[in-house]
Amino acid sequence: MENTRTVARMAVVLLGLALAVMLPEAGATRWTVGANKGWSPNFNYTIWAQDKHFYNGDWLFFVYDRNQMNVLEVNSTDYESCNSDHPLHNWTRGAGRDVVPLNVTRKYYFISGKGFCFSGMKLAVKVENLPPPTAAPINSSASPTYHARIIVPAAFAIGTLWDAFIRFW
C-alpha cells in the first residue's frame, strides 16, 4: 500500500514538471546598469538606457566600487542638478552589488553622490506595464517545434500516470 502512494506521488510530481515545461516563458529582467562597464564615472547612462524597455517587475543591478560610490534615488529636480542632499531612497547596501526593484509604473531617477553624478553617474528610467501578449498569426507551414514542446512532455506524463495505474491499481 505504501508503494502505491509513493508511485502515485511520483506520478503527480512528474505530471507537474511536464506541465511546467509547457508553460510559456515569462518573467522579469535583471538589468546590469551600464552592462560590462557597471556603475562608474565617464559613461553615458542615457545612451545605455535609450533602446531598452523597463517593465514593472524588472530589476536594476548596480555594480560599483563600494568604497567610493553609492546609488541614490532622487526626484527629477535633484537628478538634473546632481543634488544628493535629500535622496528619496539610498539603495547602497555596502557591498557594491545593489539590486533595485522596479515595482511601480513611473519614472525613476538615480544618481551617485560624492560628486560622481557630475561625471555622468546618473540614470533615468521610465517603467511601464508589460504589454499584453499578442496572438501569433496562424501559419500552416509552421515548424512543429511548438507542438513538440506540448505533445512530448504530455505524452511522457500520460505514460507515467498510465504505468502507475496499471502497476498498482
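This briefing describes the fold, the ring pairs, the cores, the disulfide and some loop residues of one protein.

The structure is a predicted model, in which local features need pLDDT of at least 70, side-chain atom pairs count only at pLDDT 80 or more, and totals for chains, interfaces and linings use all residues. Residues are numbered from 1 along each chain as its sequence is written, and side-chain values use heavy atoms, with hydrogens and water left out. The protein has four helices and eight strands. Of its 169 residues, 30% count as buried.

**Overall fold**

- Helices (H or I, at least four residues) and strands (E, at least two) are DSSP runs, numbered from the N terminus.
- Read from the N terminus, the order of elements is α-β-α-β-β-β-α-β-β-β-β-α.
- A contact means heavy atoms within 4.5 Å. Among the contacts with a separation of 6 or more, 70% come from residues 24 or more positions apart.
- The accessible surface comes to about 11300 Å², by the Shrake-Rupley method with a 1.4 Å probe, where for residues only the protein chains shown count as cover. Carbon and sulfur atoms hold 60% of this surface.
- For single residues, buried means under 20% relative accessible area, exposed means over 50%, and partly exposed lies in between (1.4 Å probe, protein chains only).

**Aromatic rings**

- A pair of aromatic rings is described by the distance of the centres and the angle of the planes.
- Rings of Phe, Tyr and Trp (its six-membered ring) pair if their centres lie within 6.5 Å; planes under 30 degrees apart count as stacked, over 60 as edge-to-face and the rest as tilted.
- The protein has eight aromatic pairs by this rule. In one of them, the rings of Trp-39 and Phe-62 are edge-to-face, because their planes stand at 80°, with the centres 5.0 Å apart.
- This pair links distant parts of the chain, 23 residues apart: Trp-39 is in the loop between β1 (30–32) and α2 (45–50), and Phe-62 is in strand β3 (residues 58–63).
- Trp-39 counts as buried at 1% relative accessibility, and Phe-62 counts as buried at 0%.
- Ring pairs join Trp-39 and Phe-62 with Phe-43, Tyr-45, Tyr-108 and Phe-110 in a cluster.
- A charge sits over a ring if NZ of Lys or CZ of Arg is within 6 Å of the ring centre and within 35 degrees of the ring normal.
- Arg-106 lies over the face of Tyr-108, 3.8 Å from the ring centre. Lys-122 lies over the face of Tyr-79, 4.5 Å from the ring centre.

**Nonpolar cores**

- A nonpolar core is a set of buried Ala, Val, Leu, Ile, Met, Phe, Trp, Tyr and Cys residues joined through side-chain atoms within 4.5 Å.
- The largest core has 22 residues, of which Trp-39, Phe-54, Leu-60, Phe-62, Phe-110, Leu-123 and Val-125 touch the most other members.
- At least two residues of this core come from each of α2, β3, β6 (97–102), β7 (107–111) and β8 (122–128).
- Apart from this core lies another, of seven residues, including Leu-72, Cys-82, Tyr-109 and Ile-111.
- Leaving aside residues up to four places away in sequence, Val-125 touches Ala-49, Phe-54, Leu-60, Arg-106, Lys-107, Tyr-108 and Phe-110.

**The disulfide**

- A disulfide is a covalent bond between the sulfur atoms of two cysteines. Here it is assigned to a pair of cysteine sulfur atoms within 2.5 Å.
- The structure holds one disulfide, which joins Cys-82 to Cys-117 with an S to S distance of 2.1 Å.
- The link is left-handed, with -65° about the S-S bond.
- The two cysteines are 35 residues apart, with Cys-82 in the loop between α3 (76–81) and β5 (89–90) and Cys-117 in the loop between β7 and β8.
- Both Cys-82 and Cys-117 are buried.

**Loop residues**

- Most residues other than glycine have a negative phi, and most peptide bonds are trans.
- Asn-42 is not a glycine, yet has a positive phi of about 60°. Asn-42 is in the loop between β1 and α2 and counts as exposed at 67% relative accessibility.
- Lys-114 also has a positive phi, near 60°. Lys-114 is in the loop between β7 and β8 and counts as exposed at 56% relative accessibility.
- Ser-112 is in the loop between β7 and β8, and is buried with a relative accessible area of 1%.
- Not counting residues up to four places away in sequence, Ser-112 touches Trp-39, Met-69, Asn-70, Cys-117 and Met-121.
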